[in-house]
Amino acid sequence: MSSQTTVDKLAAGVGNYADDTAGASKIVNGFARKIFPDHWSFMLGEITLYSFVILLLTGTFLTFFYEPSAAETTYTGIYAPLAGQHVSEAYASSLRLSFDVRGGLLMRQIHHWSALVFVAATIVHMARVFFTGAFRKPRELNWVIGGVLALLAVFEGFTGYSLPDDLLSGTGIRIADAIILAVPVVGSYISFFLFGGEFPGEDFIPRFFTIHILLLPAVMLALIVVHLFFVVIHKHTQYPGPGRTEDNVVGFPLFPVYAAKAGGFFFIVFGVIALISALVSINPIWAYGAYDPSPVTAGSQPDWYMGWLDGAVRLMPGWTEISAFGYTLSLNIFIPTTVIILFVMAALVAYPYLEQIATGDKREHHLLDRPRNAPTRTGLGVMAITFYVLLWISGGNDIIAHIMQLSINDITRFLRVALFVLPAVAFVVTKRICLGLQRKDREKALHGRETGRIVRLPHGEFIEVHAPLSDLERWTLVQHEVNRPMEIEDRVDAGNPDTLYGKFQRRLSKFYFEDRVEPVTPAEVEAAHSHGELDAGEQMASVEEKENAAIGTSQTLHG
Amino acid sequence: MSEIERAGDAHGQGPGTTLARGQGALPDRFENPGLPEHRHRMGDTDPKAARRAERQVAVLLVLSMIGSVLIVVSIIGIKYDDSFERISLSTKAIGLSMFLSLFALGVGAVHWAKTLMPDDERIDYRHRQRGTAAEREQAVAILKEGAAESGLGRRPLIRNTLIGAGVLFPLPAVFFFRDTGPLPGNDLSTTMWKTGTYLTKDPEGGRIRASDLGLGSVVHVMPEGIEDAEELLNEKAKAAVLLIRIEPELLSAPEGREDWSVDGIVAYSKICTHMGCPVALYEQQTHHLLCPCHQSTFDVTQDCKVIFGPAKRALPQLPIQVDAEGYLQAQSGFHEAVGPSFWERG
């Protein structure tokens with residue numbers, strides 16, 4: 001017991017001091033018992049955060065050994081094929097920290113793998129937020145901050161893998177310079193100011209280094225803090241279910257449950273990345289050799305998150321470069337790089353507000369959507385993913401042609417068409433699947449679960465017995481609200497329905513919500529049940545009739 | 001705990017959880033049935049199960065300790081020097097020990113939380129972000145009062161000059177970047193190639209005799225003296241040339257360029273006109289040059305014009321001739337800018 005009291009005394013002392021100096025009691029009261037809902041998909045953002053922390057830790061280690069200089073030196077390290085070659089300090093020190101520093105190669109590999117995981121987790125996290133509608137009011141701003149973070153993550157990754165100054169990274173820089181040169185009017189000026197003169201010059205390595213280890217991480221860290229601050233003040237969203245409402249958050253307290261779970265998860269993520277880095281080599285810069293602008297390796301590929309842009313560049317036909325009046329406008333480069341990035345960012349930032357226009361809904365939403373219950377949004381999301389994946393595939397068209405023994409020209413021509421056709425197909429198909437799943441939910445809410453038990457009725461008919469759902473089970477299927485297309489009357493309340501904006505809003509709303517499946521109402525269940533008691537055959541007929549009424553618009557339009 | 005309840009307390013207090021059957025009109029929507037009843041875990045009721053979980057957590061944490069010790073052992077114990085087997089072994093040993101140390105610690109903590117910490121769900125209540133009417137009114141009043149005290153509304157002179165100063169002060173920041181680089185001038189349009197510059201092999205060096213080139217051969221070429229260039233990589237990035245010999249009758253030189261080749265030997269810039277990668281892949285059968293970066297394809301028999309891919313312009317040709325001893329040299333520099341396009345290129 002005496003040890004207990006010592007610990008208690010110590011805790012009291014520390015607590016007392018923390019409260020006196022930092023007002024710790026208020027912080028504990030406000031935060032320690034904050035409730036977080038539980039769901040595997042909420043861990044995606046955690047993976048993003050943790051891999052960022054791992055990047056800060058391993059990156060700091062790397063800076064102790066890396067030499068951000070393009071100055072020429074003679075390689076004297078242990079890698080025999082490069083012995084005596086003239087290489088940059090940056091390249092030599094990258095090799096030195098890999099081969100001469102204990103744990104250095106592991107640190108470099110952990111750093112690179114975490115970077116890949118960081119961007120991947122960012123994008124999957126964004127997809128989760130998008131498909132569940134977590135970007136809706138009041139979280140629009142946080143969605144925008146997340147989008148900016150994703151863009152910065154890509155730039156951070158690019159400046160990072162440019163630093164070793166190997167042949168592959170130099171080729172990447174060469175392409176980045178061409179992207180800059182293609183910017184109309186000011187391109188060559190930006191290029192000369194960034195590179196300190198002509199490409200490649202000697203300035204870009206120390207400059208990229210400062211951008212990579214100071215500028216971008218500082219901005220990102222600040223944005224991450226704001227991002228998390230918003231999570232705290234909004235409280236976390238939760239999936240719909242019994243007992244979950246727009247006015248509560250159901251889950252487990254930060255202290256001790258989430259401290260242990262989330263803290264433990266950090267170590268799990270770190271451990272798994274260490275495992276991958278121990279066993280799987282990444283970016284073996286010694287095999288590529290030092291950067292030299294005249295050689296290149298076939299099958300040069302950027303890190304995966306740049307692949308879609310590289311793919312876009314590959315698909316763009318050359319005739320889109322225009323020369324007139326003594327000036328050259330390289331649309332064949334400008335469109336698939338700068339323009340497409342700006343377009344994606346604009347679409348990302350605008351989306352929550354666009355959907356708000358379509359719904360006319362200014363309320364806060366803390367319950368997530370099941371993706372099927374927002375068919376148009378889900379369709380648009382899958383459309384965007386399809387577009388992205390096709391560009392990504394195109395970024396590897398040479399590898400695909402090589403492995404599958406196909407003509408690279410055929411693959412490229414196919415992708416040029418597919419890039420416009422397949423996303424549209426994906427939109428329609430996804431939307432149909434969502435509507436189908438909603439109908440299945442209706443079916444289940446009305447008649448219950450299929451039991452697989454077949455019963456023969458006295459008059460010879462076979463029916464499958466359905467087990468009724470409990471209130472808890474049914475709630476998840478019927479809890480959502482359905483948006484309907486805005487009518488002119490709705491617009492009258494909001495202002496003049498005949499303004500351009502009013503017309504746009506009505507049209508957009510129609511696009512989003514014309515096809516819809518309404519959730520089952522108590523009256524429908526009641527009707528289904530009472531009919532069921534009379535006659536099974538009649539029950540079927542009457543339900544079909546009702547369903548047709550409820551999903552009428554989509555049937556008449558697309559049936 | 002003021003706002004946080006255990007879910008069990010809230011259960012059953014919600015609005016009616018079942019359909020009120022046969023009591024007049026039905027509601028339009030179902031009502032939220034409230035949280036399901038909490039189901040206890042084994043460890044909550046069975047002390048044996050709880051102790052088992054406790055032991056499991058302890059085993060995981062001990063594994064983590066072993067991992068941490070193994071990291072130190074691997075770093076100190078494995079010599080890390082001249083052999084790649086050693087480096088590979090060391091990397092694997094340190095990495096796998098790290099995995100053990102971190103992963104076991106993480107799994108231990110999560111297992112502890114999942115098996116032994118309370119797993120009944122709690123409820124916290126949300127508040128709208130928007131303030132109440134009173135709060136909003138107070139905020140507006142404060143802002144109005146502050147604005148009035150500042151007198152900005154009454155003193156347009158200060159207001160306008162403040163706006164002017166505010167807009168102007170960040171602008172000079174841009175000009176601090178002036179010396180990050182020189183102006184482009186015509187650097188992008190010039191290379192080391194001049195009249196009489198000898199073609200040398202890249203990377204081994206040495207002039208090239210026209211008669212030494214067999215039919216179908218390809219040589220990577222740099223201008224003589226490039227090794228002494230002040231900005232070696234910058235010059236290399238523009239001056240790289242491919243020398244190709246094909247049957248003279250296959251060449252189709254455009255007007256005015258008939259004498260730019262020597263007996264079927266042609267020299268073209270190796271820098272892709274698309275994004276500047278070296279156009280390094282030559283297909284002997286078809287006489288096509290392929291850029292490995294974005295697959296732009298150039299046909300040597302058609303003056304290296306683009307026959308596929310995202311590039312627009314043909315590879316610039318370097319006019320060549322032979323000197324008295326039969327060595328290849330440039331007739332002149334390139335007649336246009338090499339490499340990727342830029343606005344002023346024309």
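Where is the place of Q405(A) in chain A? Q405(A) sits in the loop between α15 (397–404) and α16 of chain A, where helices (H or I, at least four residues) and strands (E, at least two) are DSSP runs numbered from the N terminus. Phi of Q405(A) is near 55°, a positive value in a residue other than glycine. Most residues other than glycine have a negative phi, and most peptide bonds are trans. This is a predicted model, in which local features need pLDDT of at least 70 and side-chain atom pairs count only at pLDDT 80 or more, while totals for chains, interfaces and linings use all residues. Residues are numbered from 1 along each chain as its sequence is written, and chains are lettered from A and ligands numbered from 1 in the order in which they are written.

Chain A is divided into domain 1 (1–33), domain 2 (40–238) and domain 3 (369–482 + 517–559), with bounds that come from an automatic or database domain assignment. Between the C-alpha centres of domain 1 of chain A and domain 2 of chain A there are 40 Å. For chain B, the assignment gives domain 1 (42–122) and domain 2 (190–345), and the C-alpha centres of these two domains of chain B lie 60 Å apart.

Two packed helices are described by the angle between their axes and the distance between the axes. On the α16(A) side, D441(A), K444(A) and A445(A) meet R474(A), L477(A) and V478(A) of α17(A); residues are in contact if their C-beta atoms, placed from the backbone, lie within 7 Å. The residues of this contact divide into three nonpolar, no polar and three charged (Ala, Val, Leu, Ile, Met, Phe, Trp, Tyr, Cys and Pro count as nonpolar, Asp, Glu, Lys and Arg as charged, and the others, Gly among them, as polar).

The two chains also touch each other: 85 residues of chain B are in contact with 97 residues of chain A. Elements giving two or more residues to the chain B side are α4 (84–115), β2 (122–125), α8 (232–239) and β10 (305–308) of chain B. The largest share of that side, 18 residues, comes from α4(B). By class, the chain B side has 49 nonpolar, 19 polar and 17 charged residues. Strand pairing links the chains as well, with strand β4 (residues 248–253) of chain A and β2(B) paired in the antiparallel sense over four bridges; two strands pair if DSSP finds at least two bridges between them. Here the bridge partner of N248(A) is Y125(B) in β2(B).

Chain B also holds open sheets. One has five strands in the order β3-β4-β5-β6-β11, with antiparallel pairing. Its edge strands are β3 and β11 (317–318) of chain B, each of which pairs on one side only. Within this sheet, four bridges join β4(B) to strand β5 (residues 241–245) of chain B, and V221(B) has V241(B) as its bridge partner in β5(B).

Another open sheet has four strands in the order β7-β8-β9-β10 of chain B, again with antiparallel pairing. β7 (281–283) and β10 of chain B are its edge strands, and the twist averages 35° from one strand to the next. H288(B) stands opposite D299(B) in β9(B). β9(B) and β10(B) form a hairpin with five residues between them, and D303(B) in the turn has a positive phi of about 60°.

One joins K137(A) and P138(A), with omega about 5°, and P138(A) is found in the loop between α5 (104–131) and α6 (140–162) of chain A. In chain B, the bond from D202(B) to P203(B) is cis, with omega near 5°.

Notes:
Axes are lines fitted to C-alpha atoms, for helices over the stretch in contact, and angles run from 0 to 180 degrees between N-to-C directions.
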